[in-house]
Amino acid sequence: MHGWTLLGGVAAAVVAGLYVLWGPVVERKKRRSGLVPGLLNLGNTCFLNALLQGLAACPAFLQWLQDHTPSHAHAQPRPLSVALLRLLQALSGAEATEEHLLDASSLLEALRSHRWNISSFEEQDAHELFHVLTASLEDEWDPHPYHRVVPLFDVQALQETETPPKQILCRTQAVSLQASWRRQHPFHGRLASNMICKRCRHQSPLRYDTFDSLSLSIPATVWGGPVTLEQCLRHFVSSESVQGVECDSCNKVGTPGRAEGGRSTFVKQLRLGKLPQCLCLHLQRLSWSGRCGQALKRRERVLFGETLALCPFRHSPSRTDADPPSDGKTALANGACPALPDRSSGSCAYRLMAVVVHHGDMHSGHFVTFRRSPASPRWLWASDDVVRRSSLQEVLASSAYLLFYERIQTTKTT
């Protein structure tokens, strides 16, 4: 009897030791077949976990990160790229692991090394973290600002930086952008904008500005009807009238209908100039109460589909919103630069890869993610350490906050 008691005490000591070393048994269990690992909540880090699950569902971003993260020992250290790559590979099934829980603390430490003070005990925003992450990656890959391409026609920026001549797009001639564009991540795109005088049809030079994501405001609905993602995009690129702008063309002597002082009303146009390989759409759900200025959350459901066509929102040199002449050469008039060719492969069609949803109000809440399974066409639902199977119907019925799309590759036929 004494032997059995001694044996039981030894077994209890072994179990206690395993608990100290490995934690509760439930946290060490293998993940179920067809699912991806979950992520430990390190203290209000659901915003981080939701974003990582969304990025892991974008194969183009994962492949690009793998191609640009050095693996040999003598390479320049890039702790953020390495930490992010390891997590995304495990979450996408590219790295073999039987663990059903992962820890993203190494990524938080890498971000803090880039002077981003991200507390794991405060509520944070997934969209803000997305920009923090992309900005930190760019700093890690290209720490010298003069290596980057500045916004085109930004004369002040061009004068302040040592920009190589081949990276400057002049007013009258388009020069292809070189190596700097090749290193930019797949979420990188360009917006094309210009202004057209409503009186003389003078057109300002075409300006390109970069973006990593598009923040779309939700337009007001009529009688509480549904809002579609296409409506949000149309609202984003809709023309805007700007009054009291001095027009050089109208100042010319003999211009018919010229106003005193040469001031006129211009139409500002915005289009998508270069389509990114991966598209991040942010639905702005923050609004302010008119009475007390309190932050409120807009809870309208925005209808979106499994595919998205961006052709109607893409810049076309032969089309403007200000009733251009019929010769189709308006975009090249007045010395304006022609549109930069979009050499990225693929069509204007995109495929939905992940959806980040926020539950709660503007002061507190929880982020979850719907994402594609890497091993099958199924959809998954991830909430920190909990991962379950979902369906396309459940995904499309969700109240999206962030939408991740990937450009559909086209097959060239000879």
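The model is a predicted one, in which local features need pLDDT of at least 70 and side-chain atom pairs count only at pLDDT 80 or more, while totals for chains, interfaces and linings use all residues. Residues are numbered from 1 along each chain as its sequence is written, and side-chain values use heavy atoms, with hydrogens and water left out.

**Exercise 1. The whole protein**

Task: State how many helices and strands the protein has, and what percentage of its residues count as buried.

Solution. Step one: helices (H or I, at least four residues) and strands (E, at least two) are DSSP runs, numbered from the N terminus. On this basis the protein holds 10 helices and 18 strands.

Step two: a residue is buried under 20% relative accessible area, exposed over 50%, and partly exposed in between (1.4 Å probe, protein chains only). Of the 414 residues, 44% count as buried.

Step three: a contact means heavy atoms within 4.5 Å. Among contacts with a separation of 6 or more, 71% join residues 24 or more positions apart.

**Exercise 2. Helix α4 on its own**

Task: Determine whether the end-to-end distance of α4 agrees or disagrees with its number of residues, and list its buried residues.

Solution. Step one: the expected span of a helix is 1.5 Å times one less than its number of residues. For the 14 residues of α4 this gives 20 Å, and the end C-alpha atoms are 20 Å apart, so the two agree.

Step two: α4 is mostly covered, with 11 of its 14 residues buried. These are Leu-80, Ser-81, Ala-83, Leu-84, Leu-85, Leu-87, Leu-88, Gln-89, Ala-90, Leu-91 and Ser-92.

Step three: just after the helix, Gly-93 takes a positive phi of about 85 degrees.

**Exercise 3. Two neighbours of α4**

Task: Describe how α4 packs against α5 and against α2.

Solution. Step one: axes are lines fitted to C-alpha atoms, for helices over the stretch in contact, and angles run from 0 to 180 degrees between N-to-C directions. Angles under 35 degrees count as roughly parallel, over 145 as roughly antiparallel, 65 to 115 as roughly perpendicular and the rest as oblique. A crossing is left-handed if the near helix is turned anticlockwise from the far one by less than a right angle, and right-handed if clockwise.

Step two: the axes of α4 (residues 79–92) and α5 (residues 105–112) come within 9 Å and cross at roughly 160 degrees. Therefore α4 is roughly antiparallel to α5. The crossing of these helices is left-handed. Pro-79, Leu-80, Ala-83, Leu-84 and Leu-87 of α4 make the contact with Ser-106, Leu-107, Ala-110 and Leu-111 of α5.

Step three: Ala, Val, Leu, Ile, Met, Phe, Trp, Tyr, Cys and Pro count as nonpolar, Asp, Glu, Lys and Arg as charged, and the others, Gly among them, as polar. The contact of α4 with α5 has eight nonpolar, one polar and no charged residues.

Step four: α2 (residues 46–56) and α4 pack at an angle of about 70 degrees, with axes 9 Å apart. The two are therefore roughly perpendicular, and their crossing is right-handed. Here Leu-52, Gln-53, Leu-55 and Ala-56 of α2 meet Leu-84, Leu-87, Leu-88, Leu-91 and Ser-92 of α4. This contact of α2 with α4 divides into seven nonpolar, two polar and no charged residues.

**Exercise 4. Positive phi values**

Task: Locate Asn-44 and Asp-384, and decide whether each is buried, partly exposed or exposed.

Solution. Step one: most residues other than glycine have a negative phi. Asn-44, although not a glycine, has a positive phi of about 60 degrees, and the phi of Asp-384 is positive too, near 55 degrees.

Step two: Asn-44 is in the loop between β1 (38–39) and α2, and a relative accessible area of 35% makes Asn-44 partly exposed.

Step three: Asp-384 is in the loop between β16 (379–383) and β17 (386–390), and at 10% relative accessibility Asp-384 counts as buried.
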